[in-house]
Amino acid sequence: MTRIAMGVQYIGTAWNGYQKQPTRDTVQDRLEIALEKFACTRLATTCAGRTDAGVHAIEQVIHFDTELERAPQSWVRGTNAFLPESIVVRWAHVVPADAEGQDFHARFSARSRTYHYVLYNHANPSALLAGRAGWVFRPLDVERMREAARHLIGTHDFSSFRASGCQANTPVKQMHEVNIERRGDVIVFTVRASAFLHHMVRNIVGSLIYVGTGRNRPDWMAEVLDARSRDAAAPTFMPDGLYLASIDYDPKWGLPQEAVSALPF
């Protein structure tokens with residue numbers, strides 16, 4: 001058996017999240033249907049991180065095992081031929097076991113994950129960013145949000161930002177970076193951590209918005225974190241502007257990952 005890794009990009013607006021559902025209207029469903037049509041056999045895939053309905057991916061990473069021998073570019077072009085335009089395979093790579101005999105795993109081999117949240121901050125919504133960005137009509141103070149975000153850096157119990165249905169074994173995660181950048185009327189939140197809880201990024205963004213509008217002071221974020229209660233934080237913010245940007249792996253795997261942490265607009 002050969003293990004193949006793939007980089008997959010998608011716009012999640014039309015899909016019911018990443019993970020397979022009986023309705024077969026998810027990104028994973030359509031990807032596995034396309035793989036089966038190309039390979040003429042069923043191939044079960046594993047992803048680096050599941051995304052919710054309406055959430056996008058600049059570079060999701062998946063893997064699967066197969067007995068078929070195909071050139072990497074053949075896997076890319078052949079699979080794309082059966083995918084809708086909102087889902088694209090960007091690269092494929094054969095991943096042998098490492099020197100210690102360990103196999104690559106899209107999820108468990110990941111060292112960290114990076115998400116972007118794109119927020120349109122203007123009195124009126126943008127038709128051009130519909131489904132691609134969140135929207136807040138009240139003015140936001142970026143410096144206040146940056147001050148609040150500093151409380152999140154480090155290893156913490158993120159229970160206050162965890163969805164009730166989260167299946168993670170532990171709420172303790174290491175937050176490496178929370179960067180907030182304004183580009184005119186667009187604010188981009190970049191969040192990098194060892195791993196994320198269900199709805200964690202959207203709950204963090206919602207709480208930062210509370211600070212940015214002046215509803216809460218920046219050090220309120222530390223109080224929310226210490227409370228370890230979902231009731232302490234702001235409501236879950238809309239999924240429209242959330243992008244799984246990149247997955248970090250050890251270079252030993254040789255993945256041909258693209259420099260895609262930047263947004264495509």
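Colleague: How many residues of α4 are buried?

Modeller: 13 of the 13, so α4 is largely enclosed by the rest of the structure. Buried means under 20% relative accessible area, exposed means over 50%, and partly exposed is in between, with a 1.4 Å probe and protein chains only. Before we go on: this is a predicted model, where local features need pLDDT of at least 70, side-chain atom pairs count only at pLDDT 80 or more, and totals for chains, interfaces and linings use all residues. Residues are numbered from 1 along each chain as its sequence is written, and side-chain values use heavy atoms, with hydrogens and water left out.

Colleague: Where is α4, and how far does it reach from its first C-alpha to its last?

Modeller: Helix α4 covers residues 200-212 and reaches 18 Å. That is close to the 18 Å expected at 1.5 Å a residue. The expected span is 1.5 Å times one less than the number of residues. Helices (H or I, at least four residues) and strands (E, at least two) are DSSP runs, numbered from the N terminus.

Colleague: Which residue with a positive phi follows α4?

Modeller: G214, with phi near 90 degrees.

Colleague: Switching topic. Which residue does UniProt list for "active site"?

Modeller: D52, from an unreviewed entry. UniProt positions are in the numbering used here, feature names are shortened, and annotations may be inferred rather than shown by experiment. D52 sits in the loop between β2 (46-47) and β3 (56-66).

Colleague: Is D52 buried or partly exposed?

Modeller: Partly exposed, at a relative accessible area of 23%. Setting aside neighbours within four places in sequence, D52 contacts G17, H198, H199 and R202. Contact means heavy atoms within 4.5 Å.

Colleague: And where does UniProt put the "binding site"?

Modeller: At Y115, again in an unreviewed entry. Y115 is in strand β5 (residues 112-121). Y115 is buried, with a relative accessible area of 9%.

Colleague: What is Y115 in contact with, beyond four places in sequence?

Modeller: Its contacts include R50, T51, F189, F196 and V201. L242, Y243, L244 and A245 are also among them.

Colleague: Aromatics next. How many aromatic pairs does a search of the whole structure find?

Modeller: The search finds 10. Rings of Phe, Tyr and Trp (its six-membered ring) pair if their centres lie within 6.5 Å; planes under 30 degrees apart count as stacked, over 60 as edge-to-face and the rest as tilted. F104 and W253 have ring centres 5.5 Å apart and planes at 70 degrees, so that pair is edge-to-face. F104 is in the loop between β4 (87-94) and β5, and W253 is in the segment after β10 (242-248), so the pair ties together parts 149 residues apart in sequence. Both F104 and W253 are buried.

Colleague: What about the rings of Y210 and W220?

Modeller: Their centres are 6.1 Å apart and their planes at 25 degrees, so the pair is stacked. Y210 is in helix α4 and W220 in helix α5 (residues 220-227). Y210 is buried at 19% relative accessible area, and W220 is buried at 10%.

Colleague: Which residues do ring pairs link into a cluster?

Modeller: F38, F64 and W75.

Colleague: Last one. How many helices and strands are in the protein?

Modeller: 5 helices and 10 strands. Buried residues make up 51% of the 265 residues.
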